[in-house]
Structure formats: structure tokens, C-alpha cells
Number of protein chains: 2
Amino acid sequence: MFTLSEENYLKAIYHLELDSDKGISTNAIAEQLETKASSVTDMIKKLSEKKVVVYKKYKGVHLTGLGKKTAANIVRKHRLWEVFLVEKLNFSWDEVHDVAEQLEHIKSPKLINQLDVLLGFPTHDPHGDPIPDKEGNLKTIEKSLLSTLAKNETGICVGVDDSSSEFLQFLDKKGITLGKKITVLEKEDFDDSLSIKVGEEKLSISKKIANNLYIKKI
Amino acid sequence: MFTLSEENYLKAIYHLELDSDKGISTNAIAEQLETKASSVTDMIKKLSEKKVVVYKKYKGVHLTGLGKKTAANIVRKHRLWEVFLVEKLNFSWDEVHDVAEQLEHIKSPKLINQLDVLLGFPTHDPHGDPIPDKEGNLKTIEKSLLSTLAKNETGICVGVDDSSSEFLQFLDKKGITLGKKITVLEKEDFDDSLSIKVGEEKLSISKKIANNLYIKKI
DNA sequence: ATATTTTTTTAGGCAAGTCTAAAAAATAAG
DNA sequence: CTTATTTTTTAGACTTGCCTAAAAAAATAT
Ligand SMILES: [Mn+2]
Ligand SMILES: [Mn+2]
Ligand SMILES: [Mn+2]
Ligand SMILES: [Mn+2]
């Protein structure tokens, strides 16, 4: 149905549309896929003919219903595979992304359904991101960036905004994992750093870290 | 390292070399891959430059040590994935091949090592074919085509020569699966059909079937 | 030994996906 | 409201992998 390259474009547009309701620009897609704007224009025309995006010259693109469903299914596969790698094959959360980028393109509805069964119908991947259901629907939970919590507020770590292995390994080193209870002890004005309690440990983290950690307030 | 297409050529040559020690002909490869001889010639030149095959014009090809190791690793992945699909995802033996054809190209040494662990280091795939070890070595067992058994000889079904889903579903229907005990009751001269006992069931099978079932004599 | 048939290679072309450089349109600045 | 800058599209080219048709080599038959 769709080539590997087409699937990657659909996924990129899907992710970009989660953060914006305007038309997704050629440059934004090019940046996401680390390719050139001219290549994006070429591909957009093909996707438009295949009725998965709506495209008007110079106006950016939007996914159609079909496009959104197709993209969500790829994201579903990506995240289910990530769960599999962590739960069944002892990968750590910083090792799964690149392999999942390959596995998400495997075409077999039975495979993904059975994987879902084997994993016990998980709702979130190892980075706290929701797994779309078969229809492509996402249930989004209320979560806040750690940086938005006030002094003395407490929450559970439920996700990361940056899934790079560098960041994830840094979190491991600090003892911060999904499910950990985090309390803001102090907010420093001059550099926006935070003193926090993670479980029983106290530590200080920079603004950048606090801007990439999602917390569910309790 | 190698493209999907290159990997498929290497695998085809690898399988053909198991049955022949002469140079593998352009036409044989073309037939195996359902492509044209001219395409094969093109690809062989590329593989030759990459030092995975030895090629002399009009003389056919041989895999080099590197080529053989690379191909065996793809076969290893294919067969481990087939075991996974059957053992963990409830696929039947006639459903796994096409999915494994895709999965065998996923690049991640850790993935395949951990899959091996999860599956308990299987030595054979669901069709009775041996799984190459990490170095690419195959341990071949002594097996015979059912058609070569004499009257009153008995053995265990250990493999199939034809893995098409049509044949495998036919075997399912007849109650013939790997591990079943099979005894030759009668050999008919005029059409080479056999009367056999499978477990406790008696049935008659054609020459064609007997030529595609592997038996380990006991 | 020569002619015929089969196999293999070459030549030229096509589609997908990418790139660079240049042109066109849209946006921002003065 | 013009001019300058940024964004996007077009034009043309390249690589990979495939094809058809024709030429060349090898194998087979007479
Ligand atoms: Mn990921
Ligand atoms: Mn993830
Ligand atoms: Mn197979
Ligand atoms: Mn098999």
C-alpha cells in the first residue's frame, strides 16, 4: 500500500499535526525527516495523489482521515514494538527507538494484533507515550511539564518529551524512571533550576531537564 | 551494510549453493528471485565489488566466506522469527514465511540475540529446517525423503521440502505434523503412492507428497 | 566441424527517491 | 507600498533496482 518512505512522511506529518492545527510546512517536514525541502515537495505531491494528505501549493499540508488513520497505525506499531523490546527482550528504554523505526514498517495485521495480546494490551510505550488503538484513537492523559509545577507540588513521572538515548541515560543515572514520585522542593529564580525529591533521593536539575519531563499531578 | 535487495540475492545464492557445488547460474538466481537474468547480472557485479561473491563472466557465482556468513545470518534471523511467530504469537506453520521474509531484514544484533534467549535457543524452525548459529554453521541431521523408505520402515517426521502454505495446510488436514511417527505400510508400483500409518491413522498419499516430507528413520 | 539453441551479458530506458541550483511566491522590513 | 528576506517550488541530475531488446558467448545437435 505505502512505501517505507511514504510511511515515514505520513508519520512525520502526524507528529507535527499533534502540536499545530495550521498546515504543516514543507520546511517543518524536511527538518523532522532530515531531508531537503525540495524532496518534501516531491513526496507531498505523491501523497496528495494517494489521498492521504490535502495539499495546496505554498499552504502546507494536512492529513486526510485516511492519512491520519494510516499514520496512527504506524505509530501504534512503533510503540507496541518498543514495549515488546523492553518487556520481552530486556532492552532498556534508551535502546528501543532505532529498532522500532525499522519494525514499524513490517506489514502483517495478525502480527501486530498478536503482539498486542502477548503484551497484555499495553496503553503506553516505555517513554510514557500513548499507544493508538486499532482505529487510531489516542487517549491523552492530563500531564504537565515538571517545569510548570509550583514549589511543594507532587506528581508521578509519566513521560518524557525528549526520547534521545542521551537524555534517557541521563535520567537513569539520576534514578528518574516512569512511575517515580517527584516533589518540587525549591525553584531557583536566577537559572530556573529545581531542587526535587525523587523517591527518597534529593537532587538538583536544570531547566532543560524540567522542560522534558512529564508529571501527573497528585 | 547491505540493502534489502542485496540481502535477498545473497540468501538466494546461499540456498542454491546448498544443493550444488558448481557456480550458481544467472538463470537459477533469476528463477529463485522471480526476476530477470539481466537484473541478476547487474546485481552480481555489485555484490562482487562488495567482496561477497566471486564472479567470472559466464561462469556463475560462488559466495565468499564473508558472503556465506552474511547470508547464513539472514537465514538465522528468518528462522528464529518463524519460531517466534509460532511459539509466541500463535501463528500456524503455514502463515509465518511471508512475515519472516520481512523480519529477516531488521538490523539489530541485540534483537536477534535476545530473541534467541526468549525462545530458548531453538535449533530448528517450524518446518524442521536448521537454524544457523551465530557463526553461520548449520548442523544437518540425517533425514530421508519419505519416498525413499522401504515397506515396513518407520520414522519420525522431521521436516518438509516444500514450505508453501498450500502443502502445509494439506498436511494439517491429513494430521501430519513434525514429530509424528510414520510407518510405510505399502508401496504401490503403478503410481508410486504410499499407504502409511500416521500415529494411529492409516492413510494413502501420492508420490508428490512423499517426495516433500522428511523422515528420520528409527 | 558447422549450425542451432540456450544462456548470459550489454545497451538503453524507466520509476522512486534524493540532491543542488535557480526561479517564483509569500512574508517581513523599512 | 516597495524592497529585502525567507520559504517553497521547479528544473535538471544522480543512484538503485528493475525492465526489454539485441548482441555475444557457451552449450548442444547435426
Ligand atoms: Mn520511539
Ligand atoms: Mn517511544
Ligand atoms: Mn520461511
Ligand atoms: Mn522455515
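User: Which residues come nearest to DNA strand C?

Analyst: This is a predicted model, where local features need pLDDT of at least 70, side-chain atom pairs count only at pLDDT 80 or more, and totals for chains, interfaces and linings use all residues. Side-chain values use heavy atoms, without hydrogens and water. A residue is near a strand if one of its heavy atoms lies within 4 Å of it. Of the 21 residues around DNA strand C, those that come nearest are Thr3(A), Thr35(A), Lys45(B), Tyr55(B) and Lys57(B).

User: How far is a phosphate oxygen of DNA strand C from an N or O atom in the side chain of Tyr55(B)?

Analyst: Polar contacts here are pairs of N or O atoms within 3.5 Å. For Ser39(A), the distance to a phosphate oxygen of DNA strand C is 2.8 Å. For a polar side-chain atom of Thr41(B), it is 3.0 Å. For Tyr55(B), it is 2.3 Å.

User: Which element gives the most to the surface near DNA strand C?

Analyst: Helices are DSSP runs (H or I, at least four residues), numbered from the N terminus. With five residues, the element that gives the most to this surface is α3(A).

User: What rotation superposes chain A on chain B?

Analyst: Copies are superposed by least squares on C-alpha atoms of residues with pLDDT of at least 70 in both. The shift along the axis is 0.0 Å, and the RMSD is 0.0 Å. The two copies are thus related as by a two-fold rotation axis. The rotation is 180 degrees.

Terms used
Residues numbered from 1 in each chain as written. Chains lettered and ligands numbered in written order. Polar contact = N/O pair within 3.5 Å; in protein donor to acceptor, adjacent residues only side chain to side chain. Helix = DSSP H or I, 4+ residues; strand = E, 2+ residues; numbered from the N terminus.
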